[in-house]
Amino acid sequence: MTTATLTDRHRANPTKLGGVVYTPPALADFLASQAFDALRTEQSVRILDPACGDGQLLLAAVATARERGIEIDQVVGYDIDGPALEKAAARLTDVADTKFVCADFLERVACESGPVDLFDVPNSSEHLDFDLVISNPPYVRTQTLGASVAKVLGERFGLAGRVDLYHAFAVAMIQALSPGGALGLLCSNKFLTNRAGASMRGLLLRELQISEIVDLGDTKLFDAAVLPVIVSGSRVKDTRRSERIPFRSVYEARAKVDVPGRPVPILEALTNRRSGMFSDGCRSFRIRNGLLDQEAGPACPWNPMDIETKKIFGTVRSSDATELGSLGKIRVGVKTTADSVFIRSDWRDLPALQQPETELIHPLLTHREIQPWSSQPGEREILYPHRDEGGRAVAVNLANFPGAAAYLNEHRARLESRTYVTQGSRNWFEIWVPQKPALWSRQKIVFPDIAEVPRFAIDRSGSIVNGDCYWMVVDDDDLAEVIAAVGNSSFCTWFYDAACGNYLYAGRRRFMTQYIERLPIPAPKRDLVDKIRELRVSEDLDRLDALVWTALGLKQSAR
């Protein structure tokens, strides 16, 4: 039986997995231009695409080299799709020396550096020493790869945390570069901002002189399930790095904006290095030009940082503000992984013998019930078969709850299908992430995970918080007032956009722990708290918003 290659096993259903999306010609040309701008030679080049598909990127690279008068020594393409490789070869017949290899490039690189069991394939005599490597590698998430494969990839390619397939490709692409050779990488922009991308951010800073980062955001320049980014740079020979790494981003403007002048295609605007607002005739976009803030290091999200923004951050740091994460632990809500079983609005309509005991039924807060400042549990309630034992959640004894036992047994097949629960030495009827039962009754700050603008509420209802929200216990009333005021302010939105920038489509933001824990909170001084309460009660929200900026030493016009 033939053993599937690593990439093959995770591209078996490319449409479903979103792993294979070929690059449109205009975007391929832009990527090739970015890559050649980073190239430190004007002589001849060997060009590689390690996941070349039908050859569009190689075609663009060849055209760009010829436009710039650079001689082409060889063009090499790898892919596991034989018919696509045949098409690529046919499109590049006018190149004297081409080589197309139907193989998994990750396995090829692994063998070059010493085989690992997962990559146990014969070695090849081809030398991995390219002047330009350009690629739109397959995007397959950690969850699809599986924990064991992701672990091996991480160990082999020096990546920590949750490893997506394109992370490994990035390492392999850099390893295939000759000193001074240039990289042109088109991939998901998730690594820019999420915690799992820290190892890849560190890799790029260590191994490359990054020429530019262009976050293409929600431009929808091609039919991919992810938001793309382009990273270009050259493999450095020494430890010297430029202090200035240009960083641009382009995202749709949600509010209607009248932009004068003719419509401008997105890639034309980027090529001409426009900034600010422009329209492509259908949508309005904003291009932000800045620099990568290297002082923050790879642990922090990457975002364009202009001079004014950096100045504002300096002002905030010099104030008496404290990062929210140091004031308490921010937790995600419960994750049942079987909501239809655990969450209902008709518990009292069930047959009498299958009605769970009332002490196990709790009010539930979801993103729908959270508004700025206030939250009110909705009709849906949660069956919570856990109790507190020494500060941790343990399963209740179902023998003491015959109604709940009858109900859960009715859904036993569905619950037992969650094999990860029982494999974790848990009972089949438990909630996957129950959090801390003893904390639900305490005063909490709650906010939705995904929203266009932040919505922070002070919850005193004792509700359980659903997994589409985050929460933290804040017993001090004054501190809770200040946190909610900052969380509901335009400053919070500005800070998120400037420091975190994990945007989704349709102008939505993700207010995850790793971003919100950095939110600066001014000290809850008596006069500040009293003024916040006064303005909140009188619903003078404009003055309340301005007060937050002032408390951080800023002018509201900094937005």
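In what order do the strands of the open sheet stand? Four strands, written here as 4, form this sheet in the order β14-β16-β15-β22, with mixed pairing. The model is predicted, so local features need pLDDT of at least 70 and side-chain atom pairs count only at pLDDT 80 or more, while totals for chains, interfaces and linings use all residues. Residues are numbered from 1 along each chain as its sequence is written, and side-chain values use heavy atoms, without hydrogens and water.

**Strands**

- Strands are DSSP runs (E, at least two residues) and helices likewise (H or I, at least four), numbered from the N terminus.
- Two strands pair if DSSP finds at least two bridges between them.
- The edge strands, β14 (343-344) and β22 (464-465), each pair on one side only.
- β14 runs antiparallel to β16 (residues 381-383), joined by 2 bridges, and R344 lies opposite E381 of β16.
- β17 (residues 386-389) and β18 (residues 392-395) pair in the antiparallel sense over 4 bridges, with D388 opposite A393.
- In this hairpin, 2 residues lie between the strands, and G390 has a positive phi near 65°.

**Helices**

- The axes (lines fitted to C-alpha atoms over the stretch in contact, with angles from 0 to 180 degrees between N-to-C directions) of α18 (residues 477-487) and α21 (residues 526-537) come within 10 Å and cross at roughly 60°.
- α18 is therefore oblique to α21; angles under 35 degrees count as roughly parallel, over 145 as roughly antiparallel, 65 to 115 as roughly perpendicular and the rest as oblique.
- The contact (heavy atoms within 4.5 Å) includes D477 and V482 of α18 and I532 and R536 of α21.
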